[in-house]
Amino acid sequence: MKLTIRDINPQSSSRTLRLAKPTIDLDTAPYAITLLRVSLGLLCLAHGCLKVFTFTLPGTAQFFASVGLPGFMAYPVAIAEGLGGLLLLAGIYSRWVALALFPILFVATFKVHGASGWLFTNEGGGWEFPALFAIATLVQFLLGDGAFALTSRLMPKR
Amino acid sequence: MAQQPKPLVLALEAGTHWLCTCGQSTNAPYCDGSHKGTAFQPLALELDTPKEVIITAP
Ligand code: FES
């Protein structure tokens, strides 16, 4: 009698398990994701607060209009940044929050900073920083929550 | 020429499976205790993850 033992449907297992040599260090990766999440969260929260308290919402609306964006967008954008920042800090559905913040930064890259040139230190701020910021939100979307996130506490384990 | 039996393909869960080696089992390919009195003992197959197991005779 001969027994042949095979994996069932190897395509259905995750990519890390299929790779002969993992490309991610699973011991440190969750903390890297948390570092990115907390940095993005603080930055977003700061920008949201800046719009509400320093520039004030009508001031932000005026600024939006000056760069060719509809002024009323200042309100949802400020709310999204503040709330998104808090959710990222807490690690609640970070993946989807980051994806929701991407369009804001994408628009900021082209509409607000596009005319100032590439270099970050240009007058008005070049687009390299918002572009990096936008890419970082996409990276966060692909990475998920990382360590010390609340999503796993709130959601019952499957 | 002896007929070549078809290989048996099983989808087994993780855990221990007792496979009959004596040929007396009425629940082939699993052992049902019929090996009592023969020189044969069942074969224990331990799996930590679900696997596809193909049994070919002989
Ligand atoms: S019945 Fe055949 S080995 Fe147990």
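A:Trp96 sits in helix α5 of chain A. This is a predicted model, in which local features need pLDDT of at least 70 and side-chain atom pairs count only at pLDDT 80 or more, while totals for chains, interfaces and linings use all residues. Residues are numbered from 1 along each chain as its sequence is written, and side-chain values use heavy atoms, with hydrogens and water left out.

View 1. A:Tyr93, A:Trp96, A:Leu99, A:Leu138, A:Leu150, A:Leu154 and A:Met155 make a nonpolar surface patch of about 650 Å² (residues with over 30% relative accessible area and no salt bridge, nonpolar side chains joined within 5 Å; areas by the Shrake-Rupley method with a 1.4 Å probe; salt bridge: a side-chain nitrogen of Lys or Arg within 4 Å of a carboxyl oxygen of Asp or Glu).

**View 2. Helix α4(A).** Helices are DSSP runs (H or I, at least four residues) numbered from the N terminus. The 17 residues of α4(A) reach 24 Å from first C-alpha to last, close to the 24 Å expected at 1.5 Å a residue (1.5 Å times one less than the number of residues). Buried residues (under 20% relative accessible area; exposed, over 50%; 1.4 Å probe, protein chains only) in α4(A) are A:Ala74, A:Val77, A:Ala78, A:Glu81, A:Gly82, A:Gly84, A:Gly85 and A:Leu88. Because they cover an arc of only 165 degrees around the axis, they lie on the same side of α4(A) (arc of the directions from the helix axis to the C-beta atoms). Exposed A:Ile79 and A:Leu83 are on the face turned away from the buried side. Just after α4(A), A:Gly91 has a positive phi of about 75 degrees.

Notes. Chains lettered and ligands numbered in written order. Patch = residues over 30% accessible without salt bridge, like charges linked within 9 Å, V, L, I, M, F, W, Y side chains within 5 Å. Helix = DSSP H or I, 4+ residues; strand = E, 2+ residues; numbered from the N terminus.
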